[in-house]
Amino acid sequence: MSIVTLEQLIAWRREFHQFPEIGWSEFLTTAKIVKHLRALNLEVKVGTSVINPEYAFGRQQKIVDKGLEVARQHHVSDELLKEMQDLTGCVAIFDSGKPGPTVALRFDIDCVGVTESTADEHTPKKCNFSSCHPGEMHACGHDGHISIGLAVATWLVANKDKLNGKVKILFQPAEEGVRGARAMAESGIVDDVDYFLGSHLGFIANSGEIVINPTHFLCTTKLDFRFKGVPSHAGAEPELGINALAGACHASTQMLGISRHGKGMSRINVGVLRAGEGRNVTPAYAEMQVEVRGENEDINRFMSENAIRMAEGSAHSFQLEMEYEVMGEAVDLQNDQQLIDVLTSVVQQHSELTAIATKPFGGSEDATILAKRVQRCGGKSLYFVVGADRTAGHHQANFDFDEKAMLTAYNLYIGCLTSLL
């Protein structure tokens with residue numbers, strides 16, 4: 001079945017591991033992916049054809065500019081960068097030339113803002129493929145996801161004569177912070193898709209285990225609040241100041257007191273509060289970084305609307321200007337039974353694998369936005385977990401994973417594609 005070897009998967013993974021890039025700055029990563037895909041003579045779309053910039057949550061120009069500079073340092077052509085239109089990510093389109101369904105596969109490409117371990121026992125250090133970018137690391141397995149996507153693309157081209165329909169391979173930017181999927185979905189790239197498949201390495205399963213139908217994907221909304229007041233000398237003229245710090249603190253305590261929802265799990269966290277310039281200056285600016293989560297979209301909306309209302313109320317009470325920005329979002333997901341059955345059948349063909357029928361995912365993943373978009377357009381979706389042993393938890397400096405799990409994931413994808421096409 002396999003025409004891509006484990007050695008090739010590892011080589012790709014280690015190449016991408018060395019050059020991690022934060023969401024919306026993945027120009028070098030995107031360029032490398034595009035180069036591989038176009039060498040296979042696949043149609044590859046970039047820029048606004050696959051990303052709607054109006055929905056590019058948390059995209060900061062300074063981060064974009066940094067990524068562009070890295071790409072130029074690595075001799076990415078100006079022609080390709082112009083084609084990208086300052087937007088990362090790409091979609092490869094495989095067309096068999098024969099009637100059949102359209103399948104979308106999603107692989108995320110960004111890294112985490114973590115400085116990689118330099119311990120001698122850390123495999124990337126030991127084998128000379130550690131991150132070359134300080135403060136950035138593939139500490140969540142996305143380097144492995146990219147490699148799986150490239151392997152599937154290679155298999156599709158090699159097996160074109162045996163297949164029907166089309167496959168869209170989505171290399172999505174900015175998954176961390178759940179920022180990129182909405183922008184890709186709003187481009188319309190999956191609106192004609194009949195079947196959607198996505199997955200994650202590791203996380204809630206170990207090597208050899210496949211969680212076929214993970215449940216309890218948490219909806220989440222990431223919100224930044226900015227309060228603007230008026231500075232003054234805190235000793236001589238305190239009456240002239242309007243205290244943004246006070247308003248933000250009040251909003252924070254109010255938010256943390258939002259009633260939890262009686263119909264399902266709900267969460268809120270004020271993760272960051274920054275304000276002030278000096279002890280004798282009335283703070284004229286404050287920023288809050290907040291996230292809410294809910295077991296479903298209604299509960300999540302209840303939490304986010306209350307958080308916004310409390311920020312607005314605090315701003316009014318303290319005579320402040322206030323603005324907020326959605327920095328990321330993910331939704332819940334119910335996998336479709338047809339695809340659960342397809343994957344179950346594929347897993348059963350591999351005696352070395354253990355199928356775990358269902359297990360709570362317990363976190364948020366913005367692939368759910370693409371998956372639900374497909375469902376709302378009449379298609380079916382499945383997100384599953386491919387177990388991989390880890391040296392540490394995801395997002396930690398000494399994170400590494402069992403690279404053999406990439407071959408497992410690759411074989412599962414081509415097994416599903418063989419069934420669907």
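The model is predicted, so local features need pLDDT of at least 70 and side-chain atom pairs count only at pLDDT 80 or more, while totals for chains, interfaces and linings use all residues. Residues are numbered from 1 along each chain as its sequence is written, and side-chain values use heavy atoms, without hydrogens or water.

The chain has twelve helices and twelve strands. Helices (H or I, at least four residues) and strands (E, at least two) are DSSP runs, numbered from the N terminus. Along its principal axes, the C-alpha trace spans about 80 × 50 × 40 Å. The radius of gyration, taken over C-alpha atoms, is 23 Å. A compact globule of 421 residues would have a value near 22 Å, which agrees; the globule rule is 2.2 Å times the number of residues to the power 0.38.

Buried residues make up 55% of the 421 residues. Buried means under 20% relative accessible area (1.4 Å probe, protein chains only). Among contacts (heavy atoms within 4.5 Å) between residues at least 6 apart in sequence, 85% join residues at least 24 apart.

Helix α1 covers residues 6-18. At 1.5 Å a residue, its 13 residues should span 18 Å; the rule takes 1.5 Å times one less than the number of residues. The end C-alpha atoms are 19 Å apart, which agrees. The buried residues of α1 are Leu-6, Leu-9, Ile-10, Trp-12, Arg-13, Phe-16 and His-17. Seen down the helix axis, they fall within an arc of 165° (directions from the axis to the C-beta atoms), so they line one face of α1. They pack against α2 (27-39), α5 (123-126), α6 (142-158) and α12 (404-420).

Methods:
Buried means under 20% relative accessible area, exposed over 50%, partly exposed in between (1.4 Å probe, protein chains only).
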